[in-house]
Amino acid sequence: MTFRTAPPLSGSVTVPGDKSISHRSLMLSALAVGESRVEGLLEGEDVLATAAAMRAMGARIERDADGVWHIHGVGVGGLLQPEIALDMGNSGTSTRLLMGLLASHDLTATFIGDASLSKRPMARVTEPLAQMGASFTTSPGDRLPLTMRGACPAVPLDYVLPVASAQVKSAILLAGLNTPGITRVVEPIPTRDHSERMLQGFGADLRVEQQADGARVITLIGEAELKPQQIMVPGDPSSAAFPMVAALVVPGSKVTIANVGLNATRAGLIDLLREMGGAIEVVNARDVGGEPVGDLVVTASVLTGVEPDPARAPSMIDEYPVAFVAAALAQGRSVFRGLEELRVKESDRIATMAEGLRAIGARVEEMEDGLIIEGTGGQLLPGGGPIATKLDHRIAMSFAIAGLASREGVTIDDMRPVATSFPTFIPLLRELGAVA
Ligand SMILES: O=C(O)C1=C[C@@H](OP(=O)(O)O)[C@@H](O)[C@H](O)C1
Ligand SMILES: C=C(OP(=O)(O)O)C(=O)O
């Protein structure tokens, strides 16, 4: 598919529900006793993989005609032995969080996934979960396919995260739900806190303390009893990132993106784009179901290069690919460092972005932990392709946005991966007038 120079974008759009919150709402609802309701659930392939897995382990999950999801949970400790391998598709979050959930259940499960997921490292979760008593048979390099045997009762863990990862933190906390005693996770660099917020909302005995050095200490007392909830899932800031950057870089644009989650542990891209000179206004700020939400009004702006502090990486970890596109169109040089984690996402996002940006005429230097990008100074990028998306939705969408600010257009080899997190991406671009 080719994305071409766009006329000024305009209109008001909404993005689908937050992927992180959607996964967690299905998992925790499936562990509560009784019926939970979830509105605004992301109906993307990643979240549907989580739903299928929870069903395979005994939860009843239905979607009604109004798009509201109803989940009848089995209670903490009540998951059943799945009779089939759990197919996680492209989804790292489903895989790692479910491994945690199952680690303290008396059952055996096999996890499989697509070619991208089967390359991603799992030792970061198998190591702490093994300390809790679970055992694993993995493919070489601690990868999928893998089979795990949960431990019941599991042993509570006191763990300092060696990598800034909300998936690892959440896996341990979810394992702690069915573990008698105190499970404690220390994160030296804060990551997205949706698990903590939602566990508290479901009634788990969970406390969070911030140390003087900024580290967060999360304490969970098991075994937990979870009460069913009514959940409203806000729009995904990681999806809003694409129309946000599009509106900034397509001259003359003014776009509203309504109902976007603004949790500070996720809002790093907004801060970064503002530092670059982007006009992004938050209106109608409110709280929806324990998460801050607002509408974003974004006006095309001349952007300048930046050198963001690596400590903010977790707050925009999935937004770097599209931030690189913004930097490629900015005035001057941007230096992005401390981003090793990008190498183990759906693709190696440092290498894939460097290769793709060069293919469309941007000036990029690749480093082990990031990129140096010389912007065009507001001129259109030359364009080209085809870009190899490597089963990575965020690569596909980032280069689609680059195409809107290119002279010759940008061709993407495969837009299908977009269905994992943002199935309405093309219709949304159409609504803004970006594509025919
Ligand atoms: O916990 C989550 O929902 C997620 C955490 C992040 O992964 P890491 O924990 O591997 O950084 C992020 O990249 C992913 O898209 C979703
Ligand atoms: C990294 C991502 O997701 P996951 O780890 O769940 O595959 C993402 O959505 O960008």
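1. Pro145 belongs to strand 9, residues 143-149 (strands (E, at least two residues) and helices (H or I, at least four) are DSSP runs numbered from the N terminus). The peptide bond between Leu144 and Pro145 is cis, with omega about -10 degrees. Please keep in mind that this is a predicted model, where local features need pLDDT of at least 70, side-chain atom pairs count only at pLDDT 80 or more, and totals for chains, interfaces and linings use all residues. Residues are numbered from 1 along each chain as its sequence is written, chains are lettered from A and ligands numbered from 1 in the order in which they are written, and side-chain values use heavy atoms, leaving out hydrogens and water.

2. A cis peptide bond also joins Cys152 and Pro153, with omega about 5 degrees. Pro153 is placed in the loop between strand 9 and strand 10 (158-160).

3. Asn284 is worth a look too: this residue is not a glycine, yet has a positive phi of about 60 degrees. Asn284 is part of strand 16 (residues 279-288).

4. Now to ligand 1. The residues around ligand 1 include Lys19, Arg24, Arg192 and Asp318 (a residue is near a molecule if one of its heavy atoms lies within 4 Å of it). By type, the shell around ligand 1 has 2 nonpolar, 4 polar and 6 charged residues (Asp, Glu, Lys and Arg count as charged; Ala, Val, Leu, Ile, Met, Phe, Trp, Tyr, Cys and Pro as nonpolar; the others, Gly among them, as polar). Helix 1 gives the most to this shell, with 3 residues.

5. Where does ligand 1 lie relative to domain 1 and domain 2? Ligand 1 lies between them, because domain 1 (2-16 + 234-431) and domain 2 (19-232) both give residues to its shell (the bounds come from an automatic or database domain assignment).

6. Oxygen atoms of ligand 1 lie 2.7 Å from a polar side-chain atom of Ser20 and 2.6 Å from a side-chain N or O atom of Ser165.

7. Around ligand 2 there are 13 residues, of which Lys19, Gly92, Thr93, Arg120 and Arg394 come nearest. That shell holds no nonpolar, 6 polar and 7 charged residues. Helix 3 (92-103) and helix 11 (393-404) each supply at least two of its residues.

8. An oxygen atom of ligand 2 is 2.5 Å from a side-chain N or O atom of Thr93; for Gln167 the corresponding distance is 2.9 Å, and for Glu346 3.0 Å.

Technical notes: A polar contact is a pair of N or O atoms within 3.5 Å; within protein, one must be able to donate a hydrogen and the other to accept it, and residues adjacent in sequence count only if both atoms are side-chain atoms.
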